[in-house]
Amino acid sequence: MPYKDPEARRAYMRAYKAARAEHMRELNKESYERHKEAIQSRRAEKRHAIPVDERRAQDRQYQAAYRERVPEKLRENQRRWRAAHGDEIRERERLHRIANAERFKATQARYFQRHPERSRALQAERSARRRLRIIEGTEGRVSYVAILARDQGICHICKLAVATGDLHFDHIIPIARGGKHSTDNIAMSHSWCNLSKHTKLI
Ligand SMILES: [Zn+2]
């Protein structure tokens, strides 16, 4: 080291590093690769030492700062990419939800617990959509008397006898799948059989 004066030494080091920026980046990268696991676990440890709310607040701050930094053009590119790959993205998200169904359900349940008004609004929307589909899909007048006479007390799903107290009328092809609200498309079922079917076709 050619300098005894610490200030001059630091200036020398700065100049040295600046002149070899590319090389220094390479060294840093190599060092990171070599110690990757230790670095990452130290980071994770540090992160988990912070209470979860604080951590989330930090994340949000970081994300906001990132969005500030990201130039308009990059954001525009992202938007275009999402628009072009919408189906792919939705499919990936769908598969992800299926693969993590339990966790997803739990998260959703927690969300609705915190936002009961939103849960009620969504339920109301769903049943309004269903009612609309039924009105649109109604074919003639539905005759429940005819259905009872036709089905002879047998559940169309499990083929066992249905007790009066357990009787449901079920759309054979679900309304959500384009089935009609018609005498032909409605059959007797156990309440349990009907409810466990959802919109699956049997
Ligand atoms: Zn049944």
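User: In this predicted model, which residue of β2 is the bridge partner of Leu-167?

Analyst: The bridge partner of Leu-167 in β2 is His-190.

User: What makes β1 and β2 a pair of strands, and in which sense do they run, parallel or antiparallel?

Analyst: Two strands pair if at least two bridges are found between them. Strand β1 (residues 167-171) and strand β2 are joined over five bridges, in the antiparallel sense.

User: Why is β2 described as mostly covered?

Analyst: A residue is buried if 20 or more other C-beta atoms lie within 10 Å of its own. In strand β2 (residues 186-190), four of the five residues are buried, and the strand is mostly covered.

User: Why is helix α1 said to lie largely in the open?

Analyst: The number of buried residues among the 14 of α1 is zero, so the helix lies largely in the open.

User: How do you know that the span of α1 is close to the expected value?

Analyst: The expected span is 1.5 Å times one less than the number of residues. Helix α1 (residues 6-19) has 14 residues, and 20 Å is expected; from its first C-alpha to its last, the helix reaches 20 Å.

User: How many helices and strands does the chain contain, and what makes the chain more spread out than a compact globule?

Analyst: The chain holds 10 helices and two strands. Its radius of gyration is 31 Å, whereas the globule rule gives 17 Å for 202 residues; the value is well over the rule, so the chain is more spread out than a compact globule. The C-alpha atoms fill a box of roughly 105 × 35 × 30 Å along the principal axes. Of the 202 residues, 6% count as buried.

User: Into which domains is the chain divided, and what distance separates their centres?

Analyst: The assignment gives domain 1 (2-84) and domain 2 (136-197). Their centres, taken over C-alpha atoms, are separated by 62 Å.

Definitions and conventions: Residues numbered from 1 in each chain as written. Predicted model: local features only at pLDDT ≥ 70, side-chain atom pairs only at ≥ 80, totals over all residues. Buried ≥ 20, exposed ≤ 12 C-beta atoms within 10 Å, placed from the backbone. Domains from an automatic or database assignment. Rg over C-alpha atoms; globule rule 2.2 N^0.38 Å.
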